[in-house]
Amino acid sequence: QVQLVESGGGLVQPGGSLRLSCAASGSIFSINTMDWYRQAPGKQRELVAAITGAGSTNYADSVKGRFTISRDNAKNTVYLQMNSLKPEDTAVYYCNADLVVTTGRSFRYWGQGTQVTVSS
């Protein structure tokens, strides 16, 4: 069994910063790509940033230059540093991991989500 637990969300003023964390635990053999998605009210879930096991990154155009994704493979943890936050960044942020469990099978797991609200 695998769990992804996110933390770090909250309320921040426009222009502020937040750092999200997502820790994976359980019967994990290896983790491939780890991603951050977000879903605003009334909108579809969208990919925000992704990072491969080798450290290659990809970002949505709307967050390039403001958000940075990173990971600590020893801790099975992915981070999302969010700077210069805008009201349109308000959403529930979800962590997603493409991993191999100890039985050798591959799965994608989702975290429970953490709310980020950008408002004055």
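This is a predicted model: local features need pLDDT of at least 70, side-chain atom pairs count only at pLDDT 80 or more; totals for chains, interfaces and linings use all residues.
Residues are numbered from 1 along each chain as its sequence is written, and side-chain values use heavy atoms, leaving out hydrogens and water.

**The chain as a whole**

The chain has 11 strands and zero helices. Here helices (H or I, at least four residues) and strands (E, at least two) are DSSP runs, numbered from the N terminus. The radius of gyration of the chain is 14 Å, close to the 14 Å that the globule rule gives for 120 residues, so the chain is as compact as a globular protein of that length. That radius is taken over C-alpha atoms, and the globule rule is 2.2 Å times the number of residues to the power 0.38. Along the principal axes, the C-alpha atoms fill a box of roughly 50 × 25 × 25 Å.

Of the 120 residues in the chain, 42% are buried. Buried means under 20% relative accessible area, exposed means over 50%, and partly exposed is in between (1.4 Å probe, protein chains only). Contact means heavy atoms within 4.5 Å. Among contacts between residues at least 6 apart in sequence, 54% join residues at least 24 apart.

**Strand β4 and its partners**

Two strands pair if DSSP finds at least two bridges between them. Strand β4 (residues 28-39) runs antiparallel to strand β9 (residues 91-101), and nine bridges join them. In this setting, Asp 35 stands opposite Asn 96 in β9. β4 also pairs with strand β5 (residues 46-51), again in the antiparallel sense, over five bridges. The bridge partner of Met 34 in β5 is Ile 51. β4 and β5 form a hairpin with six residues between them, and Gly 42 in the turn has a positive phi of about 80°.

Ala 49 is buried, with a relative accessible area of 0%. Leaving aside neighbours within four places in sequence, Ala 49 is in contact with Met 34, Asp 35, Trp 36, Asn 58, Tyr 59, Ile 69 and Leu 80. Val 48 is buried as well, at 1% relative accessible area. Not counting residues up to four places away in sequence, Val 48 touches a list of residues including Trp 36, Tyr 37, Phe 67, Leu 80 and Tyr 93.

The table gives one C-alpha to C-alpha pair for each of these residues.

| Pair | Apart in sequence | Apart in space |
|---|---|---|
| Ala 49 and Leu 80 | 31 residues | 8.2 Å |
| Val 48 and Asp 61 | 13 residues | 8.6 Å |

**Back to the loops**

Asn 76 has a positive phi of about 50° although it is not a glycine. At 24% relative accessibility, Asn 76 counts as partly exposed. Ser 84, in the loop between β8 and β9, also has a positive phi of about 50° without being a glycine. Ser 84 is partly exposed, with a relative accessible area of 40%.
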